[in-house]
Each structure stands twice: as structure tokens, then as C-alpha cells.
Amino acid sequence: MTSTPALVAPSAGAAFEARTVEHRDLRDDDVLIDIKFAGICHSDIHQVREEWGSAIFPMVPGHEIAGVVSAVGDGVTRHRVGDRVGVGCMVDSCGECEFCKNGEEQFCAKGAVMTYNGRGYDGEETKGGYAQQVVVSERFAVKIPDGIDLDVAAPLLCAGVTVWSPLKRWGAGPGRKVAVIGFGGLGHMAVKLAAALGAEVSVLSRTDAKKDDGAALGATAYHATSEPGVLRELKGSFDLIINTVSADLPMQTYISLLRPLGVIANVGLPTSNYEFAPGAVVGGSRVVAGSNIGGIPATQEMLDFCAEHGIGATIETISADQVDEAYERVVAGDVRYRFVIDTSTIAVSA
Ligand code: NAP
Ligand code: ZN
């Protein structure tokens, strides 16, 4: 076992503490990554606060990891020391089932091992990216192309691929009208990626506060959904809606914004249920879909696309002692558009 400084949540909802945590010695197929930056995903907050049910503590969250390979196991062939790599939401899967073979490791029949708040197949608790180092199987480290800086690359590992998957699956591209609900971490990446794919993109945000950013990031329209009458006027407008909202949402109203045959792909994971009448989807043969992160090949494809199109996340870099405050700001919707922790600032007092 070797150790690394990390930010640890000792119990549900407690403030973070800088502590030393241990990670396993390198197996043959493992890489050791010196983490440079870790994004703060709203899923980290849901889990640290046990909003999705009981979680494993102490917890080191973080599944938007960007860093550099600093050591490799004897059997590693994909990466070398010095390579720039990223790790997202998964660190292992069986590799043999139908889904793993298709590069959809998130649906692994044995259960994919999550980067944190999970257990490896050896029973060991996993620890995530709010740390200076992590050990993962080489299969779960993807290459970060040279064209993307590591700080703006980190959020691509979850926020990026999570919206990339439904945009690709449901055909975002030229001639298609795409709306993004919730202009936060996932939402701003959905706007950038959908626009780069050639779709006509609208932002549906609660207020006008981020209107200028909508156009700057590639949207052609921006609607403040809390303004009276705005949603009514948008009825039947969109081929695809990506819903990134982390809280309760009037689903039936948003379904009505779809054109016939349109799809609303939900990636937000609030604790409340969505409600809609059968007629809301039967009329117009509309689809209410969900989408869960993305597999390793899709993650690499998305990173390569981002490098080709000069896309990174729009970030605010913070130090380790600002993470508690950053959580409050994310929940308040006060983030433009992803907080990224500079992990070199994690200082464990003696
Ligand atoms: P985020 O940065 O907090 O963005 C969520 C956005 O939702 C906010 O910026 C806000 O946009 C909107 N919003 C927040 N509270 C709202 C409310 N009460 N009513 C209406 N809109 C509200 O969060 P994120 O990191 O993008 O994550 C979004 C959700 O996706 C979370 O639930 C997260 O757990 C989930 N997620 C899912 C996957 C997956 O695989 N499916 C992966 C990662 C994350 P406006 O201010 O513009 O209205
Ligand atoms: Zn995430």
C-alpha cells in the first residue's frame, strides 16, 4: 500500500478534511496517476449528502479526473509514464459480458466498479479524484489529447461524456433542434457539444442571468423558463431535449415542448419522481428516455472530438479549502460552469 493526500468527507454532509488515504500497490494492469485537477460534479454532492441512499464513508469523491501517468504495472500496454490521462465514473468492469465487449462498461452484467463510493471486485472501497493520486486499471484511463489543457479536460470525463452519449444516440446534428434544460456543469457541455455537432441549440434556464453565456457557448436561443408564458410559447419546438436539472421538474410541461417523434433524454438525477400523463407521450409518439454516463470508447471519442473542435469545459479553479463553499454554490446554481479543484493545494497537516 502507498498513500496520497486526499479530501475526505468523514460522514454524510460533513465538511471535508485533508487526510492521507491509501491505495493499492500496482497490479500488472494498473496505472498510477498523479492527479492534477478534479471536477466537482453535482453527483458528488448527491452522494456526499446521501441524497441517493446510504453511502460509504469516509468518502473521497471525484470522478472527473485529469492527470499524468507516473508509474505502470508490468503488463500495461496502453499507457506510458508521462502520458496525459483522464478517469471518469468507472474504474473496473468484468470485461467479458455483452455490454463490456460493446464498450458500454457502465452496463456491465457483473456491475461496473464506480470510481468512489463503490467497492472493487476485491471488496476494497474505491476512492476518487479529490486526491493527488489514484490507481486504476489501464482500461479505465483514457488519453487526454494534447490540444486540451488538463484543467478544462477534467469535467469532460463525466459532464462531457454524459451529455455526449444522448446527443449522439438521438442524432443531434445539422437540421435538428436541440434544447438543453439546466445551464450548469452538464448543461453547458451539452450546449457546446450539440452546437459543435451542428445542431441548432436553445438554452432553457430558470432566469436570464446566464443569457450572454448561452450565445458565447454556441446556443442560438435562450429562454428564461420562470418567465410567464415562455414555456407555453415553446410547445412543439424541439427534436431533442437534454434535461440536466438536478431538482424537481414539471416533466409533462417539458414533454409538450417536443415535436412529434421528439425525445427528452434525462440525465439529471433528482430524488423526486417525474410525472406525466400517458397521453403526453402517446400523442406525437414522443420518447421519454434516460442516459447513464458513457462507455470508455465513447469517452475517448468525445475527448478526441473536443480536441478537434477546440472544446474544453468553462471552469472556475478552486483550492482544496474552497470545496465546502463550492458545494453550496453548486446547489444554489452559482457556478459558471464547473468547479475544478487544483489538487496540488490539498495539504495534510502533520
Ligand atoms: P449543476 O451544475 O448543479 O447543474 C444543474 C442545473 O440544473 C443548474 O445549473 C440549474 O440550471 C438547474 N437547476 C438546479 N436546481 C434547479 C431547480 N430547483 N429547478 C430547476 N432547475 C434547477 O449539476 P450537474 O453537475 O450538471 O449535474 C446535473 C444532474 O445530473 C445532477 O442530478 C447529477 O447527479 C446528474 N448527473 C447524471 C449523470 C448521468 O450519468 N446521467 C452524470 C453526471 C451527473 P439553471 O440555473 O440554468 O436553471
Ligand atoms: Zn458526474
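**Ligand shell, sheet and backbone geometry**

Helix H1 (42–48) and helix H5 (185–196) each supply at least two residues of the shell around ligand 1. Helices (H or I, at least four residues) and strands (E, at least two) are DSSP runs, numbered from the N terminus. The model is predicted: local features need pLDDT of at least 70, side-chain atom pairs count only at pLDDT 80 or more, and totals for chains, interfaces and linings use all residues. Residues are numbered from 1 along each chain as its sequence is written, chains are lettered from A and ligands numbered from 1 in written order, and side-chain values use heavy atoms, with hydrogens and water left out.

H1 gives the most to the shell, with 3 residues. In total, 27 residues surround ligand 1, a residue being near if one of its heavy atoms lies within 4 Å. The closest are His42, Leu186, Ser205, Ile293 and Arg338. The shell divides into 11 nonpolar, 13 polar and 3 charged residues. Here Ala, Val, Leu, Ile, Met, Phe, Trp, Tyr, Cys and Pro count as nonpolar, Asp, Glu, Lys and Arg as charged, and the others, Gly among them, as polar.

Polar contacts to the ligand (pairs of N or O atoms within 3.5 Å) include one from a side chain. A polar side-chain atom of Ser205 lies 2.5 Å from a ligand oxygen atom. Backbone atoms also take part. A polar backbone atom of Val267 is 3.0 Å from a nitrogen atom of ligand 1. For a backbone N or O atom of Ser291, the distance to a ligand nitrogen atom is 2.9 Å. The protein covers 90% of the 910 Å² of accessible area that ligand 1 has on its own (Shrake-Rupley method, 1.4 Å probe).

An open sheet of 6 strands, with parallel pairing, has the order E12-E11-E10-E13-E14-E15. Strands pair if DSSP finds at least two bridges between them. Strand E12 (221–224) and strand E15 (287–290) stand at the edges, each with a single partner strand, so one side of each lacks a neighbour in the sheet. The twist averages 20 degrees from one strand to the next. Strand E14 (residues 258–266) runs parallel to E15 and is joined to E15 by 4 bridges. Ile264 has Val288 in E15 as its bridge partner.

One joins Phe57 and Pro58, with omega about -5 degrees. Pro58 sits in the loop between H1 and strand E4 (65–72). Another joins Arg336 and Tyr337, also with omega about -5 degrees. Tyr337 is in the loop between helix H11 (323–331) and strand E17 (338–342).

How values were computed:
A polar contact is a pair of N or O atoms within 3.5 Å; within protein, one must be able to donate a hydrogen and the other to accept it, and residues adjacent in sequence count only if both atoms are side-chain atoms. Axes are lines fitted to C-alpha atoms, for helices over the stretch in contact, and angles run from 0 to 180 degrees between N-to-C directions.
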